[in-house]
Amino acid sequence: MINRASPIPLYFQLAEVLKQEIQSGALAVGSKLPTENELCEQYDVSRSVVRQALQSLSQENLIETERGRGAFVLERKVPIEMAQLLDPLQESMAKAGFKLTTRVLKQELITAPAYIADQIGESDAIFLERLRFADGIVFLVVRNYLPFSRTPDLLASQDLDEVSLYRHLAERYDIVATTGKRQVELAKLNDQRTASLLQVELGSYVLFNREVTYDQNRKVIEYYESWHHPDRTRLTIDLQRRY
């Protein structure tokens, strides 16, 4: 089931095999996946391949890994499509009467995890971790991953505390964010750093976003993940019936 002659990475092939088993019901909701050692033996792949495959499935919220217990199949979520204007957060918050402020916590060059490298098209990524405040109260943690080859001197930029990232990219590089694909869901927060930054208890349920954003030439600008404080964020959707 794993084609070693294929140019498709082994971890991606393994993730697809396990995903098919989950979607077919062969791996039922709540059931425990084989251990890493068992998957290595069953598919004759390395532990790093297995871990990348499991990480990919976790990012799609198909499985949840519990320390000391293993990985378990999560209940499938119903997808609901909606359209939203791709406005800078600063502008949308100003319209709602809030003052947005930002603190850049990390701004560095990293080797992106495999699932992120797949999204942005390369493994060298500029990683931004930002804490965002509404009227001085923290409500959002954002982690952006941008292809290093497109914006290498973004690493030296000193104004991302003050300027919208989208505005900076447009003015500095003529990279204009025009479209994107965003997934929003309620998710259990299992990362202690994110929980501490957001000032919530570990294990709390928060509004989790992930998005790939594209520019005017349909090239990937960024992949990002964000976590919203559950008591300080409200999602509003404008509805319009088609006749």
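Predicted model: local features only at pLDDT ≥ 70, side-chain atom pairs only at ≥ 80, totals over all residues.
**View 1. The largest nonpolar core.** Welcome to the largest nonpolar core, which has 23 residues. Those with the most contacts inside this core are Leu 14, Leu 18, Leu 33, Tyr 43, Val 50, Leu 54 and Ile 63. At least two core residues come from each of α1 (10-24), α2 (36-43), α3 (47-59) and β2 (70-73). The largest share belongs to α1, with six residues.

**View 2. The surroundings of Leu 14.** Here we zoom in on Leu 14, one of the residues with the most contacts inside the largest core. Setting aside neighbours within four places in sequence, Leu 14 is in contact with Ile 2, Tyr 43, Val 45, Val 49, Val 50 and Ala 53.

**View 3. Where α2 meets α3.** The helices α2 and α3 pack at an angle of about 110°, and their axes are 9 Å apart. Because of this angle, α2 is roughly perpendicular to α3. Their crossing is right-handed.

**View 4. The residues between α2 and α3.** From α2, the contact is made by Glu 36, Asn 37, Leu 39 and Cys 40. Their partners on α3 are Arg 47, Val 50, Arg 51 and Leu 54. Taken by kind, the residues of this contact divide into four nonpolar, one polar and three charged.

Notes. Residues numbered from 1 in each chain as written. Heavy atoms only, no water. Core = buried A, V, L, I, M, F, W, Y, C linked by side-chain atoms within 4.5 Å. Buried < 20%, exposed > 50% of the residue type's maximum accessible area, 1.4 Å probe, protein only. Helix = DSSP H or I, 4+ residues; strand = E, 2+ residues; numbered from the N terminus. Contact = heavy atoms within 4.5 Å. Axes fitted to C-alpha atoms, helices over the stretch in contact; angles between N-to-C directions. Parallel < 35°, antiparallel > 145°, perpendicular 65-115°, else oblique. Left-handed = near helix turned anticlockwise from the far one by under 90°. Nonpolar A, V, L, I, M, F, W, Y, C, P; charged D, E, K, R; others polar.
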